[in-house]
Amino acid sequence: MNHNISVILLGAGRSKRFISNQIKQNVLVNKRSILDYSRLFFNKYFPKSNIFIVVNKKVIINKLKTNEKKIYGSSSRLKSLHVALKKILQKNIQTKYTLIHDIARPILNIYDIKRLVASINLGVDASTLGYPLTNALKEVKKNTVHSNLYRDNLWSSFTPQIFKTDKLHESIEKIIDGGYDVDDDVEALMMSNFKCSIVKSSPDNIKITFLEDIEVIKKLLWLIHALGMAMT
C-alpha cells in the first residue's frame with residue numbers, strides 16, 4: 001500500500017452508550033481486543049506507514065510496534081483528532097495523505113481500502129467510505145414519529161476516510177478556531193469548500209455503539225474467518 005500515507009486510529013471515546021463494566025476498545029472478541037483488530041489490519045496492509053493510536057488512559061495497548069505511536073486524546077472526537085494532528089505536525093512526520101479510522105469499526109475489507117486510496121488520486125481533497133440508505137427514514141421525538149424523511153440520494157458515511165494532509169490540517173484548524181463541531185472529518189473539509197468523494201463500502205463495516213452490537217460483530221468475524229476472506 002502507498003507508503004506516503006499516515007494512519008490515525010481514533011479510540012479515545014468514553015463508550016458512554018456502551019453499557020458495560022469495560023470500555024468497548026478493550027472488549028475481547030475471539031481473544032482479540034476491538035482495538036487490536038484495526039491495529040493488525042493496518043500493520044498488515046500499511047507496514048511502511050506511521051500509525052498513530054489515539055486513546056484515553058483506560059485503553060489497553062499491548063506492546064506498540066516500531067511504526068506505532070500512542071497519543072492521548074481529548075474530550076471529543078474532533079478535539080482528539082486535533083491533538084493528534086498537532087503532535088504529528090510538531091514532530092514533522094506527516095505525509096502527503098492521512099487515513100483516519102474509528103477503531104469502533106473492527107471489520108475492514110482491504111478491497112474497500114484499495115478503492116478508497118485510489119479515489120484520492122482522482123482530483124479530490126478527501127474521500128470517505130459510505131453506503132446508500134435503504135431503510136425508510138423517520139424523524140422521531142420521544143418515541144413518536146413526527147415526519148418521514150426522503151432517502152433519495154442519501155448515504156451514510158463512515159471510516160476509513162482519506163485526506164490530503166494539508167487540507168485536513170487547514171480544515172480542522174478552522175473548525176476548532178470557529179468553535180464548531182462536525183459529525184465526521186469530511187464535513188470539516190466540505191465546510192472549507194474542498195472537494196470530497198464517496199466510495200461504496202461493503203455492508204459489513206459496522207460500528208460498535210451499543211453492547212448488543214458485540215454479538216453481531218462476533219458472528220460476522222466468525223463468518224469472515226470461516227470463508228477466509230481478505231479482511232481482518
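# Exercises on pockets, salt bridges and backbone

The lining of the largest pocket consists of six nonpolar, 13 polar and ten charged residues. In this classification, Ala, Val, Leu, Ile, Met, Phe, Trp, Tyr, Cys and Pro are nonpolar, Asp, Glu, Lys and Arg are charged, and the others, Gly among them, are polar. The structure is a predicted model, in which local features need pLDDT of at least 70 and side-chain atom pairs count only at pLDDT 80 or more, while totals for chains, interfaces and linings use all residues. Residues are numbered from 1 along each chain as its sequence is written, and side-chain values use heavy atoms, with hydrogens and water left out.

## Exercise 1: the largest pocket

Task: State the volume of the largest pocket, the residues closest to its centre and the elements in its lining.

Solution. 

Step 1. On a 1 Å grid over the protein atoms alone, a pocket is an open set of points with protein on both sides within 12 Å along at least five of seven lines; a cavity is a set where a 1.4 Å probe fits but cannot get out; lining residues have an atom within 4 Å of a point. Grid points are joined across faces, edges and corners, and the volume is the space filled by probe spheres set on the points.

Step 2. The volume of the largest pocket is about 950 Å³. Its lining has 29 residues, of which Arg17, Lys24, Arg77, Asp102 and Lys207 are the closest to the centre.

Step 3. Two or more lining residues come from each of β1 (5-11), α2 (77-90) and β10 (155-164). Helices (H or I, at least four residues) and strands (E, at least two) are DSSP runs, numbered from the N terminus. The most is given by β10, with five residues.

## Exercise 2: the enclosed space

Task: Describe the largest cavity by volume, lining and residue classes.

Solution. 

Step 1. There is one cavity of 30 Å³ or more in the structure. The largest cavity holds about 40 Å³ of space.

Step 2. Its lining is formed by Ser6, Ile8, Leu85, Ile88, Gln94, Thr95, Thr98, Thr165 and His169. The elements β1, α2 and α4 (165-178) each give two or more residues to this lining.

Step 3. By class, the cavity lining has three nonpolar residues, six polar and no charged.

## Exercise 3: salt bridges

Solution. 

Step 1. A salt bridge needs a side-chain nitrogen of Lys or Arg within 4 Å of a carboxyl oxygen of Asp or Glu. The structure holds nine of them.

Step 2. Aspartate 102 is in strand β6 (residues 97-102) and arginine 77 in helix α2, so the pair ties together parts 25 residues apart in sequence. Aspartate 102 counts as buried at 13% relative accessibility, whereas arginine 77 is partly exposed at 26%.

Step 3. Shared partners join Asp36, Arg39 and Glu68 into one network of salt bridges.

## Exercise 4: backbone geometry

Task: Identify a cis peptide bond and two residues other than glycine with positive phi.

Solution. 

Step 1. Most residues other than glycine have a negative phi, and most peptide bonds are trans.

Step 2. Threonine 159 and proline 160 are joined by a cis peptide bond, with omega about 5°. Proline 160 lies in strand β10.

Step 3. Lysine 63 has a positive phi, near 50°. Lysine 63 is in the loop between β4 (51-55) and β5, and counts as exposed at 75% relative accessibility.

Step 4. Asparagine 143 has a positive phi, near 70°. Its place is the loop between β8 (137-141) and β9 (144-149), and asparagine 143 is exposed, with a relative accessible area of 78%.

Notes: Buried means under 20% relative accessible area, exposed over 50%, partly exposed in between (1.4 Å probe, protein chains only).
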